[in-house]
Each structure stands twice: as C-alpha cells, then as structure tokens.
Amino acid sequence: MAFPRPRPARPELPRQRVRTLQCGQGAVRAVRFNVDGNYCLTCGSDKTLKLWNPHKGTALRTYQGHGYEVLDAAGSFDNSQLCSCGADKTVALWDVATGQVIRKYRGHAGKVNCVQFNEEATIIVSGSIDSTVRCWDCRSRRPDPVQVLDEAKDGVSSVKVSDHEILSGSVDGRVRRYDLRAGQLFSDYIGSPITSVCFSKDGQCVLAASLDSTLRLLDKETGELLGEYTGHRSTVYRLDCVLSEQDTHVGSASEDGRVYFWDLVEGSLALSLAVGRSVVQSLSFHPTLPCLLAATEGQLQLWREDTFQPEGDAA
C-alpha cells in the first residue's frame, strides 16, 4: 500500500513588517525587485533612482540623470544593467556597476509611466501618457524605437513583457496583449482606466487593476473573466497589483494606506496589511518567497511571512 503524499504546505502570505527604510528620495513612485529578488530599485520624485538590498536594509547606489521625477525602473536578467523612465519623457539605460547612463531614448511625447526589459535585455519596452508603447534596441546606436505600438486611445499606464508577448494596460480601459510571434493583437475591454497589469507565473492568466476599485483576473487566451476582487480603494492614483510567488493570491495597493490580498480561486479577502496613513504607491512581490515590498510616501517597507526570523535586529 502506498502512503498518500503529504499535502503541500499552505502558501504563506507576508504578514509581519520586518523593516522600514527611509529612502530620502521625496515620494517613492515605484519599487521593483530585481530578477532573483535579492535587490530592489526605488524611483524617487527627487529625480533619483536607488539600488538597495532590502533584506539587509542597505542602500547600495544612487543613480542620477533624469530631469524630472522617476516613475518606473527594471533590472536586466544578469543584473548588469537597469532601465528607468520618468516625467522628463525619457527612457534611460544604466550601467549598474558604474552608475553611468549608457544611453537615453527620447521619442515619447509625454511622461513615460512604465518600462520593462525583454528576457535577454536586448530591448526596452516603455509605455507613456502619449498613448504609445515603444520598443528600443539596447545594442544599436539608433535613437528611434524599433517598433511603436500605437493602438491605445489614451495613456499607457502599465507594461509587462514575457518571452514572446507585450502586455499593456491603458487609461482607455483596455488590456492589450501583443503576440510577437504570431504578429497578433488581443484586446479586452474592462471599461475603467487600467492602472496596472501583470501575467500570472504560469502564463495562463492576466491580472488587471483599474480605477473602479476592482482587480480582474482574465483568461489570457479567451479573455474570459475568471475572478473579480474588491474591498480596496483605487479611484485616483496609478496603483500596482501583484500575484503571490505561487499564484495563490492576488494583491493590490490601496489609497487607504493598506495592502489587500485575496484568495485567487475563492475571491475572498485573505489579508489586509496596515502599511501607512497615506496612499500605498507601489508594490513588488518577491519572485520565489512570500516577501513583499510596499512603498508609501518616502519610505519602503519589507514584509515577510509570520514564521520568518529576521537576522540580527530588524529596523
């Protein structure tokens, strides 16, 4: 007789605040884990970009080169380069080690809300208030984009890139997915301005947050609505949504100073974290651990699961 397999451990959620970092960058507009989750980037309203080890609470480097506040950033797969964008209408490519700008891309007609590398870090994809998604070649010296996706009827608030797809969310209330292999565009109408989009880890679903205080989970292929999640407040600001590291929960920042997590399948509210008194501007979920970064006002908070034991003294 075969013994039944042990049930997998119930996925944990980040429930305890392990440390709080004062970033010294004015308001933190975005926080992003790097590919392996060991480091993170914070984007400041004071025009700077900072690289941190959030687990130890140490600031590693400050990057200066934008002419206005920095709105988003991303690290390359090998951690050697960064890309960032801002209200100065530019996209910047940085050398992590030297802190220097390798190249600046000027082509957007308005502030640039979001940036992502492709998997090989050969292309930067950026989305702007000018209603376009632009693709920039990191290896060539050509100043103009290699591709412009201009189907959006209003500003692009969020972009994500998979190995062969570009996902974008727009203020026109549509989630658009560009299949680069097939050369096809798929569009799903939500009806409320989109603030953030992301792929599920298994690549089957798309999560979209919008200004009607609702998160929606869509089947990527069919556009079918799989789940709706409500309880947070999102009516004015461009707030992030996230999926937990095992795709078991969906999370959202909120304008009431909290972060909310819902059970992905049941749709029930699983957790509400009191982060601060003001709007939670940005979230980033660790790629492999129950670990969350939340930015509110000028600070960054690291949250971990209840069983986590901080090394040394936590701030």
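1. Seven strands, β2 (28-33), β6 (70-75), β10 (112-117), β14 (156-161), β18, β22 (241-243) and β26 (280-285), each give at least two residues to the lining of the largest pocket. Strands here are DSSP runs of E, at least two residues, numbered from the N terminus. A pocket is an open set of points on a 1 Å grid over the protein atoms alone, with protein on both sides within 12 Å along at least five of seven lines; lining residues have an atom within 4 Å of a point.

2. This is a predicted model, in which local features need pLDDT of at least 70 and side-chain atom pairs count only at pLDDT 80 or more, while totals for chains, interfaces and linings use all residues. Residues are numbered from 1 along each chain as its sequence is written, and side-chain values use heavy atoms, with hydrogens and water left out.

3. The largest pocket has a volume of about 1200 Å³, a volume being the space filled by probe spheres set on the points, which are joined across faces, edges and corners. Its lining has 44 residues, and Phe33, Gln116, Lys160, Val161 and Lys201 are the closest to its centre. β14 provides the largest share of this lining, five residues.

4. The second largest pocket has a volume of about 480 Å³. Of its 22 lining residues, Lys111, Asn113, Val236, Tyr237 and Arg238 are the closest to the centre. Two or more lining residues come from each of β2, β18 and β26, and β2 gives the most, three.

5. β18 also belongs to an open, antiparallel sheet of four strands in the order β18-β19-β20-β21; strands pair if DSSP finds at least two bridges between them. β18 (194-199) and β21 (225-230) are at the edges with a single partner strand each, so one side of each has no neighbour in the sheet.

Conventions. 1 Å grid on protein atoms, 1.4 Å probe; cavity = no way out; pocket = protein on both sides within 12 Å on 5 of 7 lines; lining within 4 Å.
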